[in-house]
Amino acid sequence: MASTGQVIRCKAAVAWEAGKPLAIEEVEVAPPQAMEVRVKILFTSLCHTDVYFWEAKGQTPLFPRIFGHEAGGIVESVGEGVTDLEPGDHVLPVFTGECKECRHCKSEESNMCDLLRINTDRGVMLNDGKSRFSIRGQPIYHFVGTSTFSEYTVVHVGCLAKINPAAPLDKVCVLSCGISTGLGATLNVAKPKKGSTVAIFGLGAVGLAAAEGARISGASRIIGVDLNANRFNEAKKFGVTEFVNPKDHDKPVHEVIAEMTHGGVDRSVECTGSVSAMISAFECVHDGWGVAVLVGVPNKDDAFKTHPMNILNEKTLKGTFFGNYKPRSDLPSVVEKYMNKELELEKFITHEVPFSEINKAFEYMLSGAGLSSFKTRKKMSSTAGQVIRCKAAVAWEAGKPLVMEEVEVAPPQAMEVRVKILFTSLCHTDVYFWEAKGQTPLFPRIFGHEAGGIVESVGEGVTDLEPGDHVLPVFTGECKECRHCKSEESNMCDLLRINTDRGVMLNDGKSRFSIRGQPIYHFVGTSTFSEYTVVHVGCLAKINPAAPLDKVCVLSCGISTGLGATLNVAKPKKGSSVAIFGLGAVGLAAAEGARISGASRIIGVDLNANRFNEAKKFGVTEFVNPKDHDKPVHEVIAEMTDGGVDRSVECTGSVSAMISAFECVHDGWGVAVLVGVPNKDDAFKTHPMNILNERTLKGTFFGNYKPRSDIPSVVEKYMNKELELEKFITHEVPFAEINKAFEYMLSGAGLSKENERK
């Protein structure tokens, strides 16, 4: 082209001062340097981000400046080293880039390029630290590497998406920022299934794009949430089916949505930047499978704050940046969605004005006028239907030694099974509720919830177990009928979810244990510190009878919890880095999961240095004791791992450890999984940008294993020598000496697994 290598004089809308009208000026646009491209801008769009930085409220002002970052144009010339673009190519400039060389660009999980990630404070080009714009020798600052409010602009090649030349630039130019951000937040991150429910917080352009993504996905209900009732009718065009204005209700909006949707929506997308909306968007998703995605940019001093149990109840919190689209690799396919009539862009465009009247566009934006089942014959045992008298370790008072008593165990009622317990294990949860610190005491009680046994008899309606079957009782269940059990994403059975306060059976509200007529309370539906117990059929996993019960009994709780947290939820890839917070039995099981997954680095974090050597048996390669450092542990881990680990699993229940586990994962692809149970008054608190930088926060309950469906396969991992269980067992004591096991546990001498042989 004739202008190649020369300065081009053209019109640009220059912001000389914060908040003042833009001035149409003649600017000089220098030729592109190495890895740069000069683009003739044909159409540009105004986005709230332009207005926000033009107003310069709360940011460091950088003026004079040429704003603009949503546009479509044609390549005029290219600089040295540019090989995949040439003059005449149609392109969309993008405020963030894709160098194709850094870890983020090479990762399938991230779009947060190390080189070209958005930088709102940088007003110059990367190549030489200078501007390509000037007026009579005075440099004019760039904005987010695009500056599309100019007839020509210079952009790094990594920030240009080459698109189908048949695509109308006056329509697809809006894909450079907000529309792709909202659309991708739903399609790429929330990923709602056909027929699901989705809540969209904020019905501006980004929120409507998120709703459009939900419509494309086939969501059956799309609930729009906004404080501006005027937006509701417009939102119907984008698939929104119901509307909630928080001002119309006297209860929190997440409670309103939960009532509307039988417990919560399947997915939510937050597009406002309000931290209260972010929290509501998270708290309104359904436990077990709900996913909340944060899109909106918060204020710099905001803190996302929620009770950790909201996470642990298997809700997932994700952040997204530009809808997780890689600009060069992915945007062309979004353009094709429009070309194929899958995506409607026209409805996002509310006004068109000549470039010379650009200030009108600002006025429209500021006024709010724009968007921008098999039956079996059961074997009968000689004791079936009769009361059985046996030994049990009874806790009569909180914190007092258990007493060996003769108890009467009633026959199983409908949907119940009586099991002969052969081996049981002691877990910290037993100790915690036996001590009754901070809980409502329920005594006398028979504790125990990790065990292996044999079915003695079954009650009415039980069809998939019979006497002689080998089983593991589990503290949580699987009814196979509720929404959670039918969902592939959840194990949080509505009927049989753990209830530590209920000491009776569901069928009739009575205990099956008694001593001389006095009822003895059950514990979490299992009560395995008894030679016989009665358990709901949904809380029994039928396992391979060849499996040694003295080993696999430990799979009823903590080991499966930690193992599943890694294998099922964190899902580290081969060669990845994993941090495990807390090296008790659950944490070591999480480490074992990382070892099985092929993680190259497994970093153990614990305040007890004595645990480090033991942890090596479970694949831990490095150790961090926070007490050895004068900086936060997440910073220590970030320095060790060039920006953060790929995955972390928190197994302590300490809210500070939860926060550190989240903040130590790498931006772009890092996933933190919370396992430990917090105190009731704890609050998980972090800056929302830690989420928005494409980190994912997940909670897990029992490692996301469904007890009846999944635990048999975990037993097979042990039988196939993929999983080593022996190293989790530190002591074995006779059942009559069960209090010794409590002593070992309380002294810290065990991993939290002490087996009692009955």
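**View 1. Residues 205-336, a span of helix and strand.** In this predicted model, the span 205-336 is 38% helix and 17% strand. Its end C-alpha atoms lie 20 Å apart. UniProt, in an unreviewed entry, places the feature "domain: Alcohol dehydrogenase-like C-terminal" at residues 205-336 and 585-716.

**View 2. Residues 585-716, listed in the record under that feature name too.** Here the span is 37% helix and 17% strand. The end C-alpha atoms of residues 585-716 lie 20 Å apart.

**View 3. An open sheet of five strands.** The strand order is E8-E3-E4-E5-E9, and the pairing is antiparallel. Strands E8 (152-156) and E9 (160-162) form the edges, each pairing on one side only. Neighbouring strands are turned by 45° against each other on average, direction ignored. Helix H10 (residues 327-339) packs on this sheet. H10 touches E5 and E9, and its direction makes about 50° with that of E9.

**View 4. The pairing of E4 with E5.** Strand E4 covers residues 70-78, and strand E5 covers residues 90-93. The two pair in the antiparallel sense over two bridges. Gly73 has Val91 in E5 as its bridge partner. Strands of a sheet pair through backbone hydrogen bonds.

**View 5. Helix H22 (residues 738-747) and its buried side.** The buried residues of H22 are Ile738, Ala741, Phe742 and Met745. They sit on the same side of H22 because they cover an arc of only 100° around the axis. An α-helix has 3.6 residues a turn, so residues three or four places apart point the same way. Glu743 and Ser747 are exposed, on the face of H22 turned away from the buried side. Just after H22, Gly748 takes a positive phi of about 80°.

Definitions and conventions:
Residues are numbered from 1 along each chain as its sequence is written. This is a predicted model: local features need pLDDT of at least 70, side-chain atom pairs count only at pLDDT 80 or more; totals for chains, interfaces and linings use all residues. Side-chain values use heavy atoms; hydrogens and water are left out. UniProt positions are given in the numbering used here, feature names are shortened, and annotations may be inferred rather than shown by experiment. Helices (H or I, at least four residues) and strands (E, at least two) are DSSP runs, numbered from the N terminus. Buried means under 20% relative accessible area, exposed over 50%, partly exposed in between (1.4 Å probe, protein chains only). The arc is that of the directions from the helix axis to the C-beta atoms. Two strands pair if DSSP finds at least two bridges between them. Axes are lines fitted to C-alpha atoms, for helices over the stretch in contact, and angles run from 0 to 180 degrees between N-to-C directions. Contact means heavy atoms within 4.5 Å.
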